[in-house]
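Please consult the sequence and the model shown here while reading.

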Amino acid sequence: MLTEKSIAAGQANLEVFSETLQALAVYDRDILVVTSDSRGSGKLGPFGVKFPKQTVEIGIAEQNLVGVAAGLASTGKKVFAVSPACFLTARALEQIKNDVAYSDNPVKLVGISAGVSYGALGTTHHSLHDFAVLRAINNITIVAPADNFETEQAIRLAAEADYPVYLRFGKKAMPLLNSEETTFEFGKGRVVKNGGDLTLIATGETVLPALKAAQKLEMESGIQAAVISMHTIKPLDYKLLHEFAANGKPIITVEEHSVYGGLGEACASYLMQNNFHNRFKIMAIPDEYTVTGSQEEIFNHYGLSEDGIAREAMTLLGT
Amino acid sequence: MSEQELARLSVEYRKKILKYIYKAKAGHTGGSLSCIDILNVLYNDVMNVGPENFSSPDRDRYIQSKGHTVEALFVVLADKGFFPESDLETLCQYKSHYIGHPTRKVHGVEQNTGALGHGLSLSVGTAISAKLDDKDFRVFTLLGDGELPEGSNWEAALTASHYKLDNLCAIIDCNGLQISGPTAEVCNTEPLDAKFEAFGWSVRQVDGHNLKELQDTFAALPFEQGKPSMVIARTIKGKGVSYMENQLKWHHGVPSAEQYEQAVVELDAACAEI
């Protein structure tokens, strides 16, 4: 059971990212952080102080950030290119497509304060398109870790990956999610909770409200909902999806992304093309001018919350 | 390599560029002919790179930002022995690796380019890596004057001077023509020397077809310690073929059989005079 205490005990995934990188950089001088005036917002201030020769500041120039990162990676450097997800995956998209993915320069692109983490700063600072645009580009692994465990594991794997990776982080403190699984691989979804009445598939910071919703359903209605942290959006874990769809029970996907082109549509595409007819719902940010407010308020507004997800589950179950 | 040897090679390269563009019925003819003397001098007189050391982390790097003039690069790489020249018979054919822009599937190509405004950032990253590791290799990149309005070039130009990348040399193939007209009319970027000097570069202007001047210029690298070097090479689009020179339609024009024959006659005559 998650408690407020356990939630408070977690750190922001970004902080875990920074601490993990520092731990790796001590033993590996090829690890580089490349930033676009984003050391502060990326929690990388301490990294820059400890490892000044492993920090390359570009200034506010995201296209150049990615191009320079690709050049560095081509020489064998293990490059983490860090910038707010909204700018990194929009302004520098052509550099991601050509200099990183097409040229196969194994840059680790780190989109910070992703989704609606910047909340009230508005649409300019939201990234609700990144899964969609990056999914359509060949040769890039897309990962949105849910909790501190997944974050640390993802950073360690990314550091050694000889292929391009996009890592997506929010700003919110995240607890360690209940799970008996202690292994982590890109492309392998993590079962956070088992349950046979329906399946909630979430990614990144929406895994927590999905898990809370599952617990609410169990406590209030005796409904057993499985919860999957589908941290890797691409390559998607089709095997796990297949396994959980096989019982014919409803499936709900939950993501901090546009309803178009993200986790939900990726799952729907697989399910339809493999003759699954489970009742199915994509919970995401609708195609409209996004409401203003904090991340939590935006989540609540669009139902990406404990109550909203539980309500949708009851609707889908017909109860 | 002597100036005379380089001059002969330039004519040979021009003939091969036309041969394979004529065969493929596709290619960027005018720009390949304007930049070929620069590539000739770089690969045969300046850079420490060849098939024998291409996997060495210490090799000099060449990144072609103006990727569309790939025919010039392919011809030089074949001559250096990176791959058999006969491979170019497949230029732009179905499933050929020899496509209309540089790709790493071709031995000797450092980066996949083609979209404009990318080469300088890639080169800056590569040059920063050399500085971080105290390596001596140098990075050369060829830009087109027509691609300079891409803002990413100027972002990269700032970073190059900020990090004092005197191991980086950019060359602008200034042929003054781009697909829709004279560069000065499409988007005037002059004065280029003053702009790059203001961005912290050390700048020299050269006749991009004067092999001796190119040799001497590259021999003087870095032009200043602690500054990236910029070579503004004034060139002629379609250089070496009378009816192509300074003619916009040869940006990606393909010669007819008759035009191809005439070009070969002109280039053979030029070779005989060397």
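In what follows, a residue is called buried when its relative accessible area is under 20%, exposed when it is over 50%, and partly exposed in between (1.4 Å probe, protein chains only).

## Basis of the model

The model is predicted: local features need pLDDT of at least 70, side-chain atom pairs count only at pLDDT 80 or more, and totals for chains, interfaces and linings use all residues. Residues are numbered from 1 along each chain as its sequence is written, chains are lettered from A and ligands numbered from 1 in the order in which they are written, and side-chain values use heavy atoms, with hydrogens and water left out.

## Salt bridges around A:K78

A salt bridge is a side-chain nitrogen of Lys or Arg within 4 Å of a carboxyl oxygen of Asp or Glu. Over all chains, the structure holds 25 of them. One joins A:D28 to A:K78, with 2.6 Å between the closest N and O atoms. A:D28 belongs to the loop between α2 (13-25) and β2 (31-35) of chain A, and A:K78 to strand β4 (residues 78-84) of that chain, so this pair ties together parts that are 50 residues apart in sequence. Helices (H or I, at least four residues) and strands (E, at least two) are DSSP runs, numbered from the N terminus. A:D28 is buried, at 15% relative accessibility, and A:K78 is buried at 19%.

A:K78 also forms a salt bridge with A:E160, where the closest N and O atoms are 3.3 Å apart. Because A:K78 lies in strand β4 and A:E160 in helix α8 (residues 148-160) of chain A, the pair ties together parts that are 82 residues apart in sequence. A:E160 counts as exposed, at 54% relative accessibility.

## The fold of chain B

Chain B comprises nine helices and seven strands. Its radius of gyration, taken over C-alpha atoms, is 18 Å, close to the 19 Å that the globule rule (2.2 Å times the number of residues to the power 0.38) gives for 274 residues, so chain B is as compact as a globular protein of that length. Of the 274 residues in chain B, 58% are buried.

Within chain B, the side chains of B:D58 and B:K135 meet in a salt bridge (3.0 Å, N to O). B:D58 lies in the loop between α2 (29-46) and β1 (61-64), and B:K135 in the loop between α4 and β2 (139-144), so the pair ties together parts that are 77 residues apart in sequence. B:D58 is partly exposed at 41% relative accessible area, as is B:K135 at 31%.

## The interface between the chains

In contact (heavy atoms within 4.5 Å) are 25 residues of chain B and 26 residues of chain A. The two chains bury about 2000 Å² between them, 46% of it on carbon and sulfur atoms; buried area is the accessible area (1.4 Å probe) that two parts lose on being put together, summed over both. On the side of chain B, B:N112, B:H118 and B:E155 lose the most area to chain A, together 27% of what that side buries.

Two salt bridges are counted between chain B and chain A. A:K77 pairs with B:D133, the closest N and O atoms being 2.7 Å apart. A:R29, A:D30, A:K77 and B:D133 are linked in a network of salt bridges.
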